[in-house]
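Here is a short briefing for a reader who is meeting this structure for the first time. Keep the model in view while reading.

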Amino acid sequence: MHENLHPHMKRIAFYRIGTLFDARHGLRLMLLRMPRFKAIALRWVSDDPQPGVIEISVHDAFGRDHRIIEKDIVTEFALGKDAHFPVGFWIEAEPQEQSGELVTITLPWSMSTTEGETQLTMSRALLRP
């Protein structure tokens, strides 16, 4: 599956979503998607900064609950202060390393947990393409 990856591309936790053929250069290119992990929007925090801020809960591979305070645009749909919380959604993340079934990911868009963590260890079974 990963036989034609660029040498600088990590060979972990990417999901193949298709193949392109570049006839001009005679190359077969794989379309890869970064993994996504489940998150839950728990509550509306504030209207400022716009478009609004929500509290997000994420569970790592060890069952630890991490909280993230972030703009609501990280969800794939528009939330507002009148939304019916909790709301589940998926966040795309960059895989860093894999050890067996554990994958260390970097949170996207410079996000960090309320403890200042920017990387989490997730179970590969909980990641989705």
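Predicted model: local features only at pLDDT ≥ 70, side-chain atom pairs only at ≥ 80, totals over all residues.

The protein has nine strands and zero helices.

**Overall build**

- Along the sequence, the pattern reads β-β-β-β-β-β-β-β-β.
- The protein has 129 residues, and 33% of them count as buried.
- Take the contacts between residues at least 6 apart in sequence: 44% of them join residues at least 24 apart.

- Strand S3 covers residues 36-46 and runs antiparallel to S6. Six bridges join S3 and S6.
- Ala41 has Val87 in S6 as its bridge partner.
- Strand S4 covers residues 53-59 and is joined to S5 by seven bridges. S4 and S5 run antiparallel.
- Glu55 has Ile69 in S5 as its bridge partner.
- S4 and S5 also form a hairpin, with five residues between them. In that turn, Gly63 has a positive phi of about 80°.

- Strand S7 (residues 94-99) runs antiparallel to S8, and five bridges join them.
- The bridge partner of Ser99 is Leu102 in S8.
- The hairpin of S7 and S8 has two residues between the strands. Gly100 takes a positive phi near 65° in this hairpin.
- S8 is joined to S9 by five bridges, and these strands run antiparallel.
- Thr104 has Thr121 in S9 as its bridge partner. Thr106 stands opposite Gln119 in S9.
- Is S8 mostly covered or mostly uncovered? S8 is mostly covered, with four of its five residues buried.

**The nonpolar core**

- In soluble globular proteins, nonpolar side chains tend to be buried together.
- The largest nonpolar core in this model holds 21 residues.
- Which members touch the most other members? They are Phe37, Ile56, Val58, Phe89, Ile105, Leu107 and Met122.
- At least two residues of this core come from each of S3, S4, S6, strand S8 (102-106) and strand S9 (119-123).
- S3 gives the most to the core, with four residues.
- Phe89 is one of the core residues named above. Leaving aside neighbours within four places in sequence, Phe89 is in contact with Phe37, Lys38, Ala39, Ile40 and Ala41, among others.
- The contacts of Phe89 also include Ile56, Val74, Thr75, Glu76 and Phe77.

**A loop residue: Glu76**

- Where does Glu76 lie? Glu76 is in the loop between S5 and S6.
- Glu76 has a relative accessible area of 51%, and exposed means over 50%, so Glu76 counts as exposed.
- Not counting residues up to four places away in sequence, Glu76 touches Phe89 and Trp90.
- Glu76 and Trp90 are 14 residues apart along the chain, and their C-alpha atoms are separated by 7.7 Å.

Conventions:
Residues numbered from 1 in each chain as written. Heavy atoms only, no water. Pairing = 2+ DSSP bridges. Buried < 20%, exposed > 50% of the residue type's maximum accessible area, 1.4 Å probe, protein only. Contact = heavy atoms within 4.5 Å. Core = buried A, V, L, I, M, F, W, Y, C linked by side-chain atoms within 4.5 Å.
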